[in-house]
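Biologist: Please take a close look at one part of this model, the aromatic ring pairs. Walk me through them.

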Amino acid sequence: MKKLVIGVDIGGINTVLGLVDRTGEVYARSSFRTAEYPFFDDYSAYVEMLVRTLRELCAAMPAGAVLSGIGIGAPNANYHTGRIERPVNLWKFRSGEPNPEEGRRFFSLCKEVGNSFPGIPVRITNDANAAALGEIAYGNAGGMRDFIMVTLGTGLGSGFVAGGRMIYGHDGMAGELGHVVVEPGGRQCGCGRRGCLETYCSANSLEQASGMTIKEFFPLLREKKSPQLIQIWEDYLKHLAFAMKNLNLVIDAPIIISGYLAPYFTEEDTDYLLEQINSMTPFELEKEQLLVGTHGQYTPAIGAALFYVKEFIHSV
């Protein structure tokens, strides 16, 4: 009997799902738009849509296969509590909300999904941690015991692997690189502070600066006819290089770029990033230490499934 796992990656734009086995082979994929459920009072409808999509993937399982678990990767996910805690780009309060208390924005997603799948374990981790596991299993991190994963999507996240182990931190929230302040007093962030990295390095920041969608932005950028678009992209890469430089100085490990924006990166982009990083540090990063993930937007979903498999193996 083949045991399969569903991995879920929750991003601010899309939710991506993959039905995989313990080796990471993908049997089916699905997705829907998270962005259609942006507010706090949309959360219940979001959970209903997620459960419906999970059931559709279950129906696609080959004969003789069984679902053995569900793994979820999400921003601001707490590995220890099973909750998504005050996510910056998900389920915000509407303008005029009479009780905008941030303590209400703790979402017990594992429990709520588990209620619809009795007997099926549900686990959650930070989306960048999930992406890191996906790269270890089927990507550029195979064989690496130390590396930094940077996920570029609606926001910006990171995951750290040291000595072959994922670093979760004391409260399970390690890896919130997007909320490191890189410009004090700078752009307003959804977390309430100013100058956070993800206000300069995210899909949202590119769309706001350019006035167009990501799918419109990159084809026009590659034509190299718009000095404005080139400047926007160079500013993005410079801020990203600044953060990567500091991360590498602290952790001394290769860096892998993953997430929604990863497939848009070219060798010219990574060369520019490397040039910027090495212009700011006494310890140069080699070209082979700056990599782009191999599975694009599906890396966190595959990794979320493997995260569940890993947890199960360690529990027996």
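**A ring cluster**

Modeller: Tyr43 is buried, because its relative accessibility is 7% and the cut-off for buried is under 20%. Keep in mind that the model is predicted.

Now the rings. A pair of aromatic rings is described by the distance of the centres and the angle of the planes. The count comes to 16 aromatic pairs. Take Tyr43 and Phe107: their ring centres are 4.6 Å apart and their planes meet at 40°, so this pair is tilted. Tyr43 belongs to helix α1, residues 43–59, and Phe107 to strand β7, residues 106–107. The two are 64 residues apart in sequence, so the pair ties together separate parts of the chain. Phe107 has a relative accessible area of 4%, so Phe107 is buried.

Phe107 has another partner, Trp91. Here the centres are 5.0 Å apart, with 65° between the planes. That makes the pair of Trp91 and Phe107 edge-to-face. Trp91 sits in the loop between β6 (83–85) and β7, while Phe107 is in strand β7 itself.

Now widen the view. Ring pairs join Tyr43, Trp91 and Phe107 into a cluster with Phe32, Tyr37, Phe40, Tyr46 and Phe93.

One more ring contact involves a charge. Arg55 lies over the face of Phe117, 5.6 Å from the ring centre.

Notes:
Residues are numbered from 1 along each chain as its sequence is written. This is a predicted model: local features need pLDDT of at least 70, side-chain atom pairs count only at pLDDT 80 or more; totals for chains, interfaces and linings use all residues. Side-chain values use heavy atoms; hydrogens and water are left out. Rings of Phe, Tyr and Trp (its six-membered ring) pair if their centres lie within 6.5 Å; planes under 30 degrees apart count as stacked, over 60 as edge-to-face and the rest as tilted. Helices (H or I, at least four residues) and strands (E, at least two) are DSSP runs, numbered from the N terminus. Buried means under 20% relative accessible area, exposed over 50%, partly exposed in between (1.4 Å probe, protein chains only). A charge sits over a ring if NZ of Lys or CZ of Arg is within 6 Å of the ring centre and within 35 degrees of the ring normal.
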